[in-house]
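Okay, thanks for coming, everyone. Have a look at it first.

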Amino acid sequence: DLLSDYDVDICILAEFPENKQLDMLAKITGYKFHIPIKASKNRIEYIHKSDIIFDHLDDTSRRGSAKKIKTNITEINLIGCHLPSKFSNDTKMQMEEANEFSRFVMSVEQHSNDNTLVVGDFNMNPFEDGMVAVKGFNSVMDKRIALRNNGKKTYFNILYPYFYNPMWRFLGDYPEI
């Protein structure tokens, strides 16, 4: 109902019940379901409108999945993620998982392009170490910062891409952009 009510183009799901895809597809029309390849360790699934050109990129991460959306204007790497919760992981473990997932994102970009959108449940606040550390997501709260120096930060002579995190503004007094 939500897909239809809100005219959703793409829906990314984590922890979707296994073997329920056909049940859901029977209830909706005009959408396709992309589930992880059988050898994958992740459970990120995508539902998208049938007219969207949606290609597989990489399902090898246990924490996410990468797809490519092709439009008339550009190609976008859409990466869905589900990082571990605070319930069973401490801050250090979340930082390590963010670091590992960041390497997965860079790997996807190496064999595709760097036009990437990462969406999902990071299970971290935007200002936590795993999100802002250069070896984590290297995320920033302002698009202007993310665009500086060709969108990269140099750290010990290595370039790390910035990620703009629009969710940051919802947790403070940062104005709408």
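So, let's start with helix H3, residues 91-110: 20 residues, reaching 29 Å from the first C-alpha to the last, close to the 28 Å expected at 1.5 Å a residue. That expected span is 1.5 Å times one less than the number of residues. Helices here are DSSP runs of H or I with at least four residues, strands are runs of E with at least two, and both are numbered from the N terminus.

Quick housekeeping: this is a predicted model, where local features need pLDDT of at least 70 and side-chain atom pairs count only at pLDDT 80 or more, while totals for chains, interfaces and linings use all residues. Numbering runs from 1 along each chain as its sequence is written, and side-chain values use heavy atoms, with hydrogens and water left out.

Back to H3. Its buried residues are Gln-94, Glu-97, Ala-98, Phe-101, Ser-102, Phe-104, Val-105, Val-108 and Glu-109. They span an arc of only 160 degrees around the axis, so they sit on the same side of H3; the arc is taken from the directions from the helix axis to the C-beta atoms. On the face turned away from that buried side you'll find Lys-92 and Gln-110, both exposed. For the cut-offs, buried is under 20% relative accessible area, exposed is over 50%, and partly exposed is in between, with a 1.4 Å probe and protein chains only.

Take Phe-122: leaving out residues up to four places away in sequence, it touches Cys-81, Leu-83, Pro-84, Met-131 and Phe-137, where contact means heavy atoms within 4.5 Å.

Zooming out, the protein chain has 5 helices and 11 strands. Its radius of gyration is 17 Å, close to the 16 Å from the globule rule for 177 residues, so it is as compact as a globular protein of that length. That's over C-alpha atoms, and the rule is 2.2 Å times the number of residues to the power 0.38. Finally, 40% of the 177 residues count as buried.
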